[in-house]
Amino acid sequence: MSLGSASANYFINSRFELLFQGGNQTATVIALCSMRDFNLTQESCQSAIRDVGGLEVLINLLDTEEIKCKIGSLKILKEISSNSQIRRAIADLGGLQTMVEILDSPDKELKSLAAETIANVAKFRKARRTVRQHGGIKRLVALLDCGPDSASLSEQREKDVKVARCGALALWSCSRSTRNKEAIRRAGGIPLLARLLKSPHENTLIPVVGTLQECASEKSYRVAIQTEGLIEDLVKNLHSGNHELQMHCASAIFKCAEDKKTRDFVRQYEGLRPLVDLLKVSANKQLLAAATGAIWKCSISLENVEKYE
């Protein structure tokens, strides 16, 4: 439901009045579900929730014992945290600390929603620091441990893979801070990311490669990417039809190709030709820039220049 500012304030205020009144779990869940009838990505709805004190209510619900209430609250917070002002307000109200604690929950849907909301909120430095200081990095890394992935998934395995994907999304946001990159490495994130890099599912691969290419600015990660044999997987995913995935793979190769061994691996795994082929996708400027950078770095080795020719 798309609404103007005045209408959004009226309807959303009426829903939150039900939540303010408290009551039983069923009434609360119904009120939360009815909130999702609105277009929560619409700025007028997001502002209305903030203006009526809705953020405080939603964050307080995360401290209840009722899983359905927590899930309903997180579904709303996940949507509205696309707004930069909402993100900062969530952090100021202590929402991140509670979400980090929820990552320990045995409920997989709850963990996935908490991680995905953290991914949205941790777009600025203070939020990323808060996640780290409250033990969030170690918990998020633990979410990656979902076992081997396969193309066909049972319902339970699908939930496990979703938890891992959401964990990777949150780590991707958090990895924009240098201290968090080190915290991810110390928590054992590299081998788990390496295993997920073999996933056949693009929606899992994108945040995994995104995290790796973000962390590849650090030498310890570049060495690990090389020694864990990840260059072969990055090259393989250059053949994907997904431009976002291709762009992050090319960017990771660009950063890692500081080292001659990596440049040799790119040639050995026949990654030079697909990088050149990406230059044909001229409409996608980010992909073009990543591919150009990777080719430039790989060209430092004369053997690669001969291959290009």
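So, surface first: the protein exposes about 14,200 Å², and carbon and sulfur atoms supply 48% of that area. Please keep in mind that this is a predicted model. On the inside, 52% of the 309 residues in the protein are buried.

What does the secondary structure come to? We have 21 helices and 0 strands.

Let's go into the core. The largest nonpolar core has 93 residues, and the members touching the most others are Leu-74, Leu-77, Ile-80, Leu-140 and Leu-234. Which helix gives the most to this core? That would be helix 11, residues 155-174, with 8 residues.

If you have the model open, click on Ile-80. Setting aside residues up to four places away in sequence, Ile-80 touches Leu-40, Gln-46, Ile-49, Leu-55, Leu-58 and Ile-86. One of those partners, as you'll notice, is a glutamine, Gln-46.

Next stop, helix 7, which covers residues 95-102. This one is mostly covered, with 6 of its 8 residues buried. The buried ones are Gly-95, Leu-96, Thr-98, Met-99, Val-100 and Ile-102. What do they pack against? Quite a list: helix 4 (54-61), helix 5 (67-80), helix 6 (84-92), helix 8 (108-121), helix 9 (125-133) and helix 10 (136-143). A quick reminder while we look at helices: an α-helix has 3.6 residues a turn, so residues three or four places apart point the same way.

Two single residues I'd like to show you. The first topic is Ile-190, in helix 13, residues 189-196. Ile-190 counts as buried because its relative accessibility is 7%, and the cut-off for buried is under 20%. Beyond its neighbours up to four places away in sequence, Ile-190 touches Arg-185, Tyr-221, Ala-224 and Glu-228. Look at Ala-224 in particular: Ile-190 and Ala-224 are 34 residues apart in sequence, yet their C-alpha atoms are 7.4 Å apart in space.

Then there is Gln-213, in helix 14, residues 202-215. Is this glutamine buried or exposed? Gln-213 is buried, with a relative accessible area of 8%. Leaving aside neighbours within four places in sequence, Gln-213 is in contact with Trp-172, His-248, Ser-251, Ala-252 and Lys-255.

On to the rings. How many aromatic pairs does a search of the whole structure find? The answer is 2. One of them is Phe-265 with Tyr-269, a stacked pair with 5.9 Å from centre to centre and 20° between the planes. Phe-265 counts as partly exposed, at 22% relative accessibility, and Tyr-269 is partly exposed too, at 28%.

Charges also sit over rings here. The charged end of Arg-88 is over the ring of Phe-124, 4.2 Å from its centre. Lys-297 lies over the face of Phe-254, at 4.2 Å from the ring centre.

Last topic, the cysteines. The disulfide count comes to 0. Cys-69 is buried, at 4% relative accessibility, and Cys-174 is buried as well, at 0%. Thanks, everyone, and happy to take questions!

Conventions: Residues numbered from 1 in each chain as written. Predicted model: local features only at pLDDT ≥ 70, side-chain atom pairs only at ≥ 80, totals over all residues. Heavy atoms only, no water. Core = buried A, V, L, I, M, F, W, Y, C linked by side-chain atoms within 4.5 Å. Buried < 20%, exposed > 50% of the residue type's maximum accessible area, 1.4 Å probe, protein only. Helix = DSSP H or I, 4+ residues; strand = E, 2+ residues; numbered from the N terminus. Contact = heavy atoms within 4.5 Å. Areas by Shrake-Rupley, 256 points an atom, 1.4 Å probe, with all protein chains shown as cover. Phe/Tyr/Trp six-rings, centres within 6.5 Å; stacked < 30°, edge-to-face > 60°. Lys NZ or Arg CZ within 6 Å of the ring centre and 35° of its normal. Disulfide = S-S within 2.5 Å.
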